[in-house]
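Visitor: I have a structure open and would like to learn how to read it. Could you walk me through some features?

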Amino acid sequence: MNTKNEYADNSGMLHQIDQYLLGHLEGEELRSFEERLEHDTDFRKMVAEQRLLIGGIEEFHLKKQLGHYHSQMELENVNKKPLTIWLAIAASIVILIGVSFWAVSDTESAAQKVFAKNFQPDPGLPTTMGTTSEYEFYSGMVSYKRKEYSDAIAHWEPLYSANPKNDTLIYFLGVAYLAKGDHEQAERYLKVAKTHEESMFAEEAIYYLALTQLKENKVQEAKNTLENSSFPSSIGLLDQIKSLR
Amino acid sequence: MQNKKHKLNDLSSENLVVLIKNNDSAVLKQLYGSNYIKVRRYVLRNNGDEQQAKDVYQEAFLAMWRNVKDDKFTEDSKGNIGGYLFQIAKYKWLDHLRSKEYKNTTFINRDIEFEESQSDEEESKRIKIKMIMTAVGQLGEKCQTLLKLFYFERKSYKEISKIVGMDEASARNAKYRCQEELKKLTQIIPNEYKE
């Protein structure tokens with residue numbers, strides 16, 4: 001095939017030019033490359049052209065990236081909530097807890113029933129390649145959506161050790177463990193996720209943490225977890241467990 | 001993702017320059033996020049609106065990045081990188097205000113350069129780069145992704161092959177073909193930038 005021959009002829013040199021322009025050539029290789037650059041005019045022209053080509057590709061993508069940075073920046077600023085809402089919710093929850101104190105029931109199975117009735121894994125994030133640099137994260141997301149939770153966790157845990165502060169990652173690790181049935185690990189991650197109050201997943205983290213605690217029959221802890229949440233699902237959940245003990 | 005995330009404040013300016021040259025996404029994002037407020041305030045206080053603040057900032061950011069790549073940013077002459085970025089944005093905005101027909105211009109296709117006027121050589125280089133950028137936009141999505149992974153994100157063929165689900169040799173071959181296609185496209189683009 002024609003393209004193959006062409007490829008074989010050209011690719012070696014092009015590869016070396018790329019290596020040079022991306023700063024990967026060293027020692028003897030670099031030295032002889034530079035020597036050729038100095039003496040061979042055609043070669044110099046080729047390198048200059050490739051430099052422009054790379055520059056154009058990079059700038060195209062950086063420009064696109066800036067649009068993402070901007071919308072992310074705006075999103076992060078919007079996510080801060082006014083304090084008054086928190087106070088109103090907190091007050092109403094205190095009353096709910098007061099009422100629930102009187103209610104008695106068979107908590108062991110009831111708490112787990114509430115869990116079973118309510119638990120549905122987070123639908124996950126859209127996995128559009130090309131809009132983000134975190135491919136490893138998104139290939140985990142593909143597994144997650146296929147309900148292959150162990151697989152997703154295998155993708156994400158190494159990322160977590162490299163980025164222990166990534167709130168999105170922590171949250172989805174928690175939900176994946178919960179969906180997989182490992183409540184201890186789920187609780188561990190979701191508790192951390194809950195501390196990221198600025199996260200776009202902060203409220204969901206509270207909701208899933210409470211569900212985890214219900215699954216473990218820790219009704220009172222679940223109530224405490226939900227206490228201050230203004231998230232509709234969390235308020236609904238608290239409503240369902242207020243009579244449990 | 002073997003490279004860890006860098007925190008802006010912990011970096012020496014030499015390291016910062018290297019990371020910017022390598023398009024380290026964590027660093028670029030932090031740099032972007034930490035300097036916008038100042039530029040925005042400057043533009044809004046000087047007859048600009050939100051959209052113009054964003055446009056002038058993104059242009060300035062690209063100019064900063066290009067200058068760092070071309071070794072035109074040296075710390076001793078320009079102060080820190082955030083200040084440098086602000087200066088570029090400020091000059092660009094002032095330039096915009098000074099231009100006679102500024103009410104009708106959008107910033108999208110304007111390219112005011114920071115500081116020294118350009119030599120002919122640099123001018124023709126900019127024109128070529130813009131043509132290449134237009135051509136990249138005309139490539140198929142797969143080619144765009146491959147070239148982005150290799151040149152913008154600086155991934156190895158091994159990493160790329162995992163991401164796109166090809167073996168290494170095919171990924172390399174595909175990237176080569178995409179690059180050839182890009183070169184062809186660059187040559188046939190009707191040259192709207194030439195005068």
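Visitor: Let me start with a residue: in which loop is the place of B:Asp71?

Guide: B:Asp71 sits in the loop between H3 and helix H4 (75-78) of chain B; helices here are DSSP runs of H or I with at least four residues, and strands are runs of E with at least two, numbered from the N terminus. Before we go on, this is a predicted model, in which local features need pLDDT of at least 70, side-chain atom pairs count only at pLDDT 80 or more, and totals for chains, interfaces and linings use all residues. Residues are numbered from 1 along each chain as its sequence is written, while chains are lettered from A and ligands numbered from 1 in the order in which they are written.

Visitor: What is phi of B:Asp71 near?

Guide: Most residues other than glycine have a negative phi. In B:Asp71, phi is near 55°, a positive value in a residue other than glycine. B:Asn23 also has a phi near 55°, and B:Asn23 lies in the loop between helix H1 (13-21) and H2 of chain B.

Visitor: Is B:Asn23 buried or exposed?

Guide: Burial is a neighbour count: a residue is buried if 20 or more other C-beta atoms lie within 10 Å of its own, exposed if 12 or fewer, and partly exposed in between, with C-beta atoms placed from the backbone. B:Asn23 has 20 other C-beta atoms within 10 Å, so it is buried. B:Asp71 counts as exposed because it has 9 C-beta neighbours inside 10 Å.

Visitor: How many residues of chain B are in contact with chain A?

Guide: Two residues are in contact if their C-beta atoms, placed from the backbone, lie within 7 Å. By that rule, 35 residues of chain B touch 29 residues of chain A. Helices of chain B that each supply at least two residues of this side include H2 (25-45), H3 (50-69) and H9 (168-188). The side of chain B that touches chain A has 16 nonpolar, eight polar and 11 charged residues; Ala, Val, Leu, Ile, Met, Phe, Trp, Tyr, Cys and Pro count as nonpolar, Asp, Glu, Lys and Arg as charged, and the others, Gly among them, as polar.

Visitor: At what angle do the axes of helix H11 and helix H12 of chain A cross?

Guide: Two packed helices are described by the angle between their axes and the distance between the axes. Axes are lines fitted to C-alpha atoms, for helices over the stretch in contact, and angles run from 0 to 180 degrees between N-to-C directions. The axes of H11 (residues 219-226) and H12 (residues 232-241) of chain A come within 10 Å and cross at roughly 150°. H11(A) contributes A:Val219, A:Ala222, A:Lys223 and A:Leu226 to the contact, and H12(A) contributes A:Ser234, A:Leu237, A:Leu238 and A:Ile241.

Visitor: Where is confidence lowest in chain A?

Guide: pLDDT is the predictor's confidence in each residue, from 0 to 100. Chain A averages 81, and 81% of the residues score at least 70. Confidence in chain A is lowest in helix H4 (residues 83-100), at a mean of 64, and highest in helix H2 (residues 27-39), at 93. Over residues 129-133 of chain A, pLDDT is below 50. Where pLDDT is low, the predicted coordinates should not be read in detail.

Visitor: How many helices and strands are there in chain A?

Guide: Chain A has 12 helices and zero strands. Of its 245 residues, 29% count as buried.
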